[in-house]
Amino acid sequence: MLPLCGLRFTWKLTLASWRCFISHIRCALARVQSVISRVRKTLCGSSDDIGWLQQAPEMAPVVDGSARFRQLLQDIRNGQHTLPDSFVYLLIPGFFSNHGPLYFVSTKKFFSKMGLTCHIAKIHSEASVEQNAWELKQYIEELHWGSGKRVMLLGHSKGGVDAAAALSKYWHVLKDKVAGLAFVQSPYGGTPVASDILRDGQIADKETRRIMEFLICKLIKGDIRALEDLTYERRKEFIKNHKLPDDIPLISFHSEANIALNVIATMSHIAHAELPWLTLPGFGEDDLENVIQAGCKVPVIVPVSAALALSALHLQLRYGEKSDGLVTCRDAEVPGSVVVKPDMKLDHAWMVYSSWRKDPKESDASEMCEALLTMLVELDKKRKKLC
């Protein structure tokens, strides 16, 4: 009996060891497959998503309006300003605009000098698209009720996405209050920058999300949904459920950043930084004049163009896509809109921040905004004639 019991015990031990070995092999294979999947997802990135709007059969075609834009821009530079005062012009800033006090300021001053009613929307740029859509809806209603005029919208970057969301969700209320919308370098279809940062299932996805949540939520008191709403996944879902109205003039303005080495090596834009409130200790009550109160904005030259040029070069090498550094040209084309492509190479920040070395022979951002809004007025007149 002893040899038989020993044989049985040995057999059971062998089976248990074999099962344990098979289980470890399966776990190891699962881990390897998970790593391979993450590597593939990381390497693939947004290559299957860029330009998805043009591939969707239900999306309306676009019309090229670049020639008319250049003609209007030339007329403006020659002193022919035809933008009427029968509208209220609302400039809608994009991501991180709350931390850039010069955002759209020069354009607003430019319009005000011409006697036009122009406002910069006071929204939380780091809030979600749905929250900003609601705030813009209320803002537009106040402007319309206060002036009796319809509102022309010009949104830069995420500001265009926020404005489109307001029109898509509340068009039944805003129909008679909004005359048109110009998208300026707006990621209407999404942006690979946001998707590549927040994509689940890629290498270090959890760590990257924690870093972005700290930067956006803790450091600048924003909402992580502001960045999530610009990913391809969220944009596809939102556009599917909330389509833009058909009876409103739309313009899509997109550009390509200069990726030359001399641009990457330069520091060419002026931003503003808010210093903390500092107080130097005085030597008496009469020294109050020497107290430094630094809770103010001061101009700081930052390498915005260099950073955006590097980002545009990255998108060019990785995906073969032209971009302004943050938004690819294809993702900025809104279906059913008039597309405008400038004959200058402009990065994503050019339209809202002043250049350190401005060329008087070239058009500036304010003149381009005027040309875009003048085109919107023309489109609105054509629409009225057709109706």
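The legends below describe close-up views of a predicted model. Local features are taken where pLDDT is at least 70 and side-chain atom pairs at pLDDT 80 or more, while totals for chains, interfaces and linings use all residues. Residues are numbered from 1 along each chain as its sequence is written, and side-chain values use heavy atoms, with hydrogens and water left out.

**View 1. Helix 5, residues 129-147, and its end.** Helices (H or I, at least four residues) and strands (E, at least two) are DSSP runs numbered from the N terminus. Helix 5 has 19 residues and reaches 26 Å from its first C-alpha to its last, close to the expected 27 Å, a span defined as 1.5 Å times one less than the number of residues. After helix 5 comes G148, which has a positive phi near 75°.

**View 2. The buried residues of helix 5.** Buried means under 20% relative accessible area, with a 1.4 Å probe and protein chains only. Among the buried residues of helix 5 are V129, L136, Y139, I140 and H144. The cover over the buried residues of this helix includes strand 2 (87-92), strand 3 (117-120), strand 4 (150-156), helix 6 (158-174) and strand 5 (178-184).

**View 3. Two loop residues with positive phi.** Most residues other than glycine have a negative phi. S157, although not a glycine, has a positive phi of about 55°; S157 sits in the loop between strand 4 and helix 6 and counts as buried at 9% relative accessibility. Q185, also not a glycine, has a positive phi of about 55°, lies in the loop between strand 5 and helix 7 (192-198), and is buried with a relative accessible area of 0%.

Definitions and conventions. Buried means under 20% relative accessible area, exposed over 50%, partly exposed in between (1.4 Å probe, protein chains only). Contact means heavy atoms within 4.5 Å.
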